[in-house]
Amino acid sequence: MSRDPYEVLGVDREADVQKIRKAYRKLAAKYHPDQNPGDAQAEERFKEVAAAWEILGDEERRARYDRYGRDVGAGEGFPGGFQTDFSADMFSELFDFFGGGRSGRSSQPKLLVPLEVPFIEAARGGERRLKYQRKAPCGGCKGQGTHNGMPPKPCGRCGGMGQIPAQRGFLTFASECDACRGSGVDTSNPCSRCRGAGVSDQEHQVSFRVPPGVTTGTRLRIRDGGHYQRGSSSPGDLYIEVQVAEHPFFTAQGKNIYCEAPIGFSQAALGGKVEIPTVDGKTVEMRIPAGTQNGTEFRLRGKGIGADGQRGHQFVRVVVVVPKNLDAKAKAALRDYAEAVGDELNEQEKSLWETLGSLFD
Ligand SMILES: [Zn+2]
Ligand SMILES: [Zn+2]
């Protein structure tokens, strides 16, 4: 009798299907024949894991197993119960899992370079030049990876296929050729400079435009700015990942810019004009009406982020600063002021105290 499938996958009997699937994938990856070429024990474990998943991954079969303590039904067609072979379903699942390595082999590796952009440049856009390292064809072999750049010969082991077919049960599946590591190229006489890689790290420079309004996390794609691969005549793309630096005065949200402007108490009361910096690098004059309250927000139309004609706005929040360290003259003036407006303030204070007092009645 084969082992308990719960035990095989190392999950408890109450585990839900997600948990079981996770355990199965982990073990299947560990014992997969591609990972353990020629290891008969690993292959046995792999089969065992697969068979356990066939039972526990199937709601009905799992219920039957839980009830009878063995794989009733499916096992009857196959002596030994767990001797089922790998189903197509299971394979699509495994290939899903290993998929990245397999189907991704022919695509160019992605090159991602981070770039910090000053706040103002991110808002207004700008021209940039960037120097970075990328894999480019080795000069010693002209990118072939072979000695003196001789035309590459197919791998003698796999005949250039990069894979070697292997029979397992009913199915034939391919495992990566270990002589050429799946490249299909004869690597017995490699270029001494790049050791057969065909490429080496080289400095490259690109010029590009930072579009207005980029935000942190924006990826700018530079066509052909990426890595070369051995034997390929065109490089992949470069992705520049933008990180917008903080600004001491401005913050941004979408196309709008926010800032705070400290104004004097008398300015707030009497009204006046304040110079406000904008991301254009110039200042604009903002009118403050008399009686402006602390925290009031004003809008500077079209001074936000974006291309001309579609710019957001700049919002300016006024912060009324209460003066400190007044000299005698200023203090005297303020006392006069307090006397002059005293009644008005008292009215407000009175109603506030009345409201508070009534809460304790
Ligand atoms: Zn090969
Ligand atoms: Zn080389």
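Good morning. I begin with F315, which lies in strand β13, residues 314-321; helices (H or I, at least four residues) and strands (E, at least two) are DSSP runs, numbered from the N terminus. This is a predicted model, in which local features need pLDDT of at least 70 and side-chain atom pairs count only at pLDDT 80 or more, while totals for chains, interfaces and linings use all residues. Residues are numbered from 1 along each chain as its sequence is written, and chains are lettered from A and ligands numbered from 1 in the order in which they are written.

Leaving out residues up to four places away in sequence, F315 touches N256, Y258, E297 and R299; contact requires that the two C-beta atoms, placed from the backbone, lie within 7 Å. N256 is 59 residues from F315 along the chain, yet their C-alpha atoms are separated by 7.3 Å.

Let me turn to the chain as a whole. The chain has 9 helices and 13 strands, and 22% of its 361 residues count as buried. Of the contacts between residues at least 6 apart in sequence, 59% join residues at least 24 apart.

I now take the helices. Helix α2, residues 17-31, has 15 residues and should span 21 Å at 1.5 Å a residue, and its end C-alpha atoms are 21 Å apart, which agrees. The expected span is 1.5 Å times one less than the number of residues. Buried in α2 are I20, A23, Y24, L27, A28 and Y31. They cover an arc of only 130 degrees around the axis, so they are on the same side of α2; the arc is that of the directions from the helix axis to the C-beta atoms. In general, an α-helix has 3.6 residues a turn, so residues three or four places apart point the same way.

Helix α3, residues 40-56, should span 24 Å with its 17 residues, and the distance between its end C-alpha atoms, 24 Å, agrees. Its buried residues include F46, V49, A52 and W53. Helix α4, residues 59-68, lies largely in the open, because the number buried among its 10 residues is 1. Just after α4, G69 takes a positive phi of about 75 degrees.

Where do these helices meet the nonpolar core? Such a core is a set of buried Ala, Val, Leu, Ile, Met, Phe, Trp, Tyr and Cys residues joined through C-beta atoms within 7 Å. The largest has 18 residues, and those with the most contacts inside it are L9, Y24, L27, A28, V49, A52 and W53. Helices α1 (5-9), α2 and α3 each supply at least two residues of this core, and its largest share, 8 residues, comes from α3. Apart from this core lies another, of 9 residues, among them V117, A122, A252 and I305.

Finally, the sheet. An open sheet of 3 strands has the order β1-β7-β6, with mixed pairing; strands pair if DSSP finds at least two bridges between them. Since β1 (111-117) and β6 (219-222) stand at the edges with a single partner strand each, one side of each is left without a neighbour in the sheet. Strands β6 and β7 (residues 238-244) run antiparallel and are joined by 4 bridges. The bridge partner of I222 in β7 is L238.

Note on methods: Buried ≥ 20, exposed ≤ 12 C-beta atoms within 10 Å, placed from the backbone.
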